[in-house]
Amino acid sequence: MKFKTVFVCQKCGYESAKWAGKCPECGEWNSLVEEVKAQESKKAPARTRSFTDFSSEVVKLADSKSVSEVRIPTHISEFDRLLCGGLVKGQLTLLAGAPGIGKSTLMLQVAAELSKTQKVLYISGEESISQISGRAQRLGVKGENIFLLCETDIQKIVEMVKNVNPDVLILDSIQTVYHPEFTSSAGTVAQVRECTSELVRLCKPKGIITFVLGHVTKDGELAGPKILEHMVDAVLYFDTEKDNVLRLLRPHKNRFGSTDEIGLFRMSASGLISVENASECFAETSRERALKGRAYSLALEGSRPLLTEVQALVSPTRFPYPRRVATGVDLNRCLMLFAALEKHIGLSLDNKDIFVSLAGGAKLKDPALDLAICAAVISSCKDFPIAHDSVFMAEVGILGQVAKVPLIEKRMDEARRLGFTKTYTAMLSKQEKSKLNGMTLVELADLNGLAMKLR
């Protein structure tokens with residue numbers, strides 16, 4: 001067998017015969033790494049190993065039979081909510097997040113719950129058995145049905161899985177595992193792709209529930225080739241920083257459910273604790289008094305409305321170019337709202353720095369936050385407080401018009417439960433107005449109406 005040297009982009013998998021500082025395929029800098037690759041024979045065509053075990057005969061869709069997806073709950077409420085009720089046999093889930101954010105802790109807690117009815121094999125390529133045992137003692141995990149293994153050779157891992165025959169497999173992490181037939185180091189495109197293919201071929205036919213932990217880069221993206229996310233059934237990302245007590249777990253892909261739900265956890269000495277009342281976490285300051293530059297809204301994440309505290313600070317600048325900073329919300333969206341405020345209500349912002357932030361470390365994209373952002377900026381710029389019992393829920397367009405957001409009734413029910421008495425929103429229908437149940441409704445057509453109603 002002949003070998004050749006190629007340079008492979010660790011971002012997109014592009015191969016080149018020569019090294020280059022910038023990948024011509026994805027544009028990433030310093031991502032081409034030298035690897036040794038076996039040359040394919042011209043006589044025999046290349047065999048795609050990843051899909052060989054999934055071949056089948058051609059059948060009509062009407063004649064095919066579907067298999068009911070029996071959910072296996074983990075009994076961790078927020079994790080089950082994220083997975084739409086539980087796990088499916090043969091499901092391959094990729095869990096990614098920053099170092100120290102709680103990936104291994106969460107997996108050990110999931111293993112403890114699943115081990116009550118399932119056989120769990122926990123494989124680590126980063127920690128020793130004593131380190132895993134020490135974490136289990138801190139978390140209070142006994143794990144009579146949990147088996148531990150420290151190994152990085154994928155062939156030995158496959159043999160051990162066949163011998164133990166577990167119901168649940170946890171691998172920490174995919175970047176530390178290597179295939180001995182490949183000369184490249186662990187974590188490269190070829191190694192990650194082939195090791196994941198081995199797990200797919202092993203676990204799918206046997207119906208083994210598999211969790212694979214992954215590293216992230218300094219930009220917060222999953223390390224390794226993008227094809228890794230296509231090969232698995234579900235991709236879960238920790239969306240907050242490790243310095244934040246609140247951990248937000250968000251699905252980026254889910255073949256067995258929705259990707260709109262989020263899981264909220266609070267880090268404690270006993271591990272990650274599910275947060276049932278999310279509204280208390282995203283609005284941490286006291287609501288007993290009115291503050292300048294603070295407005296409340298109810299953002300919808302999946303099927304659950306979250307009380308969100310929007311904070312804005314508008315201050316004069318000494319520099320020729322004022323600063324625009326947004327934390328937790330899209331900066332480009334905020335810039336559009338600032339321009340609409342200047343154009344349609346004459347708010348002078350060209351000589352002022354503007355800082356917008358969501359309390360609690362949340363990162364949300366719900367357009368219902370638009371009206372709250374505008375109200376907070378007006379309040380801080382005009383130097384007057386907003387009533388603490390008011391909530392803002394509407395989308396603001398580039399022309400200054402105020403539009404209704406979906407599921408407004410569900411949002412208002414949550415606002416009423418949290419003690420809000422006044423709602424600023426777009427024009428509602430008679431049917432929606434009939435379900436206010438005592439809340440004061442302030443209907444707005446554009447930003448001019450918002451500026452007049454706030455004072």
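Glu414 is buried, at a relative accessible area of 13% (buried means under 20%, exposed over 50%, partly exposed in between, with a 1.4 Å probe and protein chains only). This residue lies in helix α10, residues 408-417. Helices (H or I, at least four residues) and strands (E, at least two) are DSSP runs, numbered from the N terminus. Glu414 touches Ser279, Leu298 and Pro305, residues up to four places away in sequence not being counted. Contact here means heavy atoms within 4.5 Å.

The model is predicted; local features need pLDDT of at least 70 and side-chain atom pairs pLDDT 80 or more, while totals for chains, interfaces and linings use all residues. Residues are numbered from 1 along each chain as its sequence is written, and side-chain values use heavy atoms, leaving out hydrogens and water. The chain has a mean pLDDT of 86, pLDDT being the predictor's confidence in each residue, from 0 to 100. Of its residues, 91% reach 70 or more. Over residues 43-52, pLDDT stays under 50. For this stretch the model has 8 contacts beyond four places in sequence. Where pLDDT is low, the predicted coordinates should not be read in detail.

The largest nonpolar core has 41 residues. Such a core is a set of buried Ala, Val, Leu, Ile, Met, Phe, Trp, Tyr and Cys residues joined through side-chain atoms within 4.5 Å. Val356, Leu371, Ile373, Val377, Phe392 and Leu450 have the most contacts inside this core. Elements giving two or more residues to the core include β14 (294-301), α8 (331-345), α9 (369-382) and α12 (447-454). Helix α9 gives the most, with 9 residues. Val377 touches residues that include Ala312, Phe338, Leu349 and Val356, not counting those up to four places away in sequence. Apart from this core lies another, of 32 residues, among them Ile72, Met107, Ala112 and Leu249.

In α12, Leu447, Gly449, Leu450 and Leu454 are buried. Seen down the axis of α12, the buried residues fall within an arc of 155°, so they line one face of the helix. The arc is that of the directions from the helix axis to the C-beta atoms. At the start of α12, a side-chain oxygen of Asp446 comes within 3.3 Å of the backbone nitrogen of Asn448.

Strands β11 (residues 263-268) and β12 (residues 271-274) run antiparallel, joined by 4 bridges. Two strands pair if DSSP finds at least two bridges between them. β11 and β12 form a hairpin, with 2 residues between them. Met267 stands opposite Leu272 in β12.

How values were computed
Polar contact = N/O pair within 3.5 Å; in protein donor to acceptor, adjacent residues only side chain to side chain.
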